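Here are a few exercises to work through with the model open beside you. Try each task before you read its solution.

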Amino acid sequence: MTYPKIPLAQTVIQLCKAKEIKHIIISPGSRSAPLTIGFTNDPYFTCYSIVDERCAAFFAMGIAQQLKVPTALVCTSGSALLNYYPAIAEAYYSDIPLAVLSADRPKHLVGIGDGQTINQKNVYGNHILYSANLKLDLKDENQIPSYEELPILKNIEDKLERFLGFQKDIQRYNEEEINTALNLALRRKGPIHINIPFDEPLYDTVTKPSVSPKVIALPPKTTSIDTVVLKNCLEDWNLASKKMILVGVNAPHTIDAKWLNELARDESVIVLTETTSNLHHESFFPSIDQLIAPFTEDEQKTLKPEVLLTFGGLIVSKKIKALLRKFKPKVHWHVDEKKANDTFFSLTSHIETTPDLFFKSFLPLITHYRKADYRGNLLEIKKKRLLRHEAYLKEIPFSDFTAFNTILKSIPKHTILQVGNSSAIRYTQLFGVDKTLEVYCNRGTSGIDGSTSTAIGCAVSKTKQTTFITGDLSFFYDSNALWNNYIPSTFRIIIVNNKGGGIFRILPGHKNTENFDTYFETHHHLTAKYLCEMFNLEYNAARDSESLEGSLNAFFESSKQPKLLEVFTPKNLNDSILLNYFEFIK
């Protein structure tokens, strides 16, 4: 087998293999050649070549999102690794493991005006779990520190011994740093950065590795919850007649169904779920904004919980955030292995475990349920809201609202749904989705920049069909996501094209002016048709309810190439239809 000659490259590659990091996303470059040579010549690794580093990073994140293990990114020196930054931030806040392996110039070539050179050390600042800045291998005895720094060497044997000693120190340091970084990515589920200096020659190879790095095992994981914490939680829980559970982004199949059924038995508990929570029960409350947006202030106050239990990632609904910030719970527990955001300025406990383990430890301790009408009253409101929701759909013309209703009903069961940010996820929240779907959205930073690339990475890593629903600006922003050779024929994209950033039309501002159209809504006349021709996707378009329903009938059928459906909606109607909806469902 072929290996890079540089020991440092061999060390990185061998330790990635030891940690079972199999998927390697490579953006072409010269300084990173030793890594590229090593990864691509070892059949253990599955390597992908993606030119655009921003797309490459989100693509890697889509794979890691599904597999729950680190995906590695390889790039050359200079601005290349800066293009990873949006995905690094998203992975950091979404707890997705990534390993950035950035090649760098030797230290003596940094800051002297050499090409493709920036200050790469700790470049990701506060958005990384760990930054490992590795040391350059010593190539020959001339790289030994000078006699001013060391005792005078008596002879050539001493000089050679000292050279080997320095190289051993460098090798040991690099092994420890790489192990530490990769172990953190594995255990803490987030991005890490390994910055790797290489000196020329970069392309030399050998048939046998010259190093055998030490593998440091992951430390044992704590699985128990402190009994004092459980006792305190139980006391608060038993005293409360109003208990709210609010669930944000949560991976599918991570909570045992018996715990959901147990929560549903308690009339003093309401469970509010977002589309991204991947939790379903007839007694739970999805479509949070649909439920609470029409509430008066007095009605909001009656919803105020005594105990608030949250888990999962970031919450989409601004309305529930506003309500809980205004009417704060007495206690707020957040269950998460890593962190607890004080989203509602009322956090009292961070319970450092998984939600499933918490429920397994906590719910069996509850010996009785409080009689309460907390959930019963809300279930009645939920029924009325759903009836008004259906009535509204019959009254309104074709629009974003009706398009999302039709699209979401058409997604095949037991498949994956990826949703873009901004309007796309907010509309999706207003409709029920089939409980067999696995739903994902990049809610860590909530940016529109890499949703398409993430969805494609997801589709590549799973055999299930993946459907991606997005807005037009988000799609065009990330159109380089289509510039790769790995998109499976089962992948489906649905663009709701309202000719601009439609979400800005429902926010305060002077609409229908040249300034608004240009600088806020970003009005355009673009279509995805020609991109589909260039990247070999089957293209279809819909402009009304009839053509949308007709297009969807065949859209999910098997094909030899991925498909894209572009749904054109009337930009001047969408905002009023959405705003009137919340008034209508009162």
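**Exercise 1: a leucine and its surroundings**

Leu-324 has 0% relative accessibility, so this residue counts as buried. Keep in mind that you're looking at a predicted model.

Task: work out which helix holds Leu-324, and which residues Leu-324 is in contact with once neighbours within four places in sequence are set aside.

Solution. Start with the helix: Leu-324 sits in H10, residues 318-326. Next, skip the neighbours within four places in sequence and list the contacts of Leu-324, which are Met-244, Leu-246, Pro-305, Leu-308, Pro-329 and Phe-344.

**Exercise 2: two rings**

Task: find how many aromatic pairs the structure holds, then decide whether the pair Phe-401 and Tyr-581 is stacked, edge-to-face or tilted.

Solution. The count is 24 aromatic pairs. For Phe-401 and Tyr-581, the ring centres are 4.7 Å apart and the planes make an angle of 50°. Stacked needs under 30 degrees and edge-to-face needs over 60, so this pair is tilted.

Now place the partners. Phe-401 belongs to helix H13 (residues 400-410) and Tyr-581 to helix H20 (residues 571-584), so the pair ties together parts 180 residues apart in sequence. Both Phe-401 and Tyr-581 are buried.

Then widen the view: Phe-401 and Tyr-581 belong to one aromatic cluster, along with Tyr-392, Phe-404, Tyr-427, Phe-431, Phe-582 and Phe-584. One of these, Phe-582, has Lys-319 over its face, at 5.0 Å from the ring centre. Elsewhere, Lys-382 lies over the face of Phe-285, 5.5 Å from the ring centre.

**Exercise 3: the cores**

Task: find how many residues the largest nonpolar core has, and which element gives the most to it.

Solution. The largest nonpolar core has 44 residues, and Ile-25, Leu-73, Tyr-84, Phe-475 and Ile-493 have the most contacts inside it. Several elements supply at least two residues each, among them helix H3 (53-67), strand S4 (71-75), helix H16 (472-477) and strand S17 (492-497). H3 gives the most, with nine residues.

Zoom in on Phe-475 next. Leaving aside neighbours within four places in sequence, its contacts include Thr-452, Leu-482, Ile-493, Ile-495, Leu-531 and Leu-564.

To finish, look for a second, separate core: this one has 38 residues, including Tyr-392, Ile-407, Tyr-427 and Tyr-581. Tyr-392, Tyr-427 and Tyr-581 also turn up in the aromatic cluster from Exercise 2.

Terms used
Residues are numbered from 1 along each chain as its sequence is written. This is a predicted model: local features need pLDDT of at least 70, side-chain atom pairs count only at pLDDT 80 or more; totals for chains, interfaces and linings use all residues. Side-chain values use heavy atoms; hydrogens and water are left out. Rings of Phe, Tyr and Trp (its six-membered ring) pair if their centres lie within 6.5 Å; planes under 30 degrees apart count as stacked, over 60 as edge-to-face and the rest as tilted. Helices (H or I, at least four residues) and strands (E, at least two) are DSSP runs, numbered from the N terminus. Buried means under 20% relative accessible area, exposed over 50%, partly exposed in between (1.4 Å probe, protein chains only). A charge sits over a ring if NZ of Lys or CZ of Arg is within 6 Å of the ring centre and within 35 degrees of the ring normal. A nonpolar core is a set of buried Ala, Val, Leu, Ile, Met, Phe, Trp, Tyr and Cys residues joined through side-chain atoms within 4.5 Å. Contact means heavy atoms within 4.5 Å.
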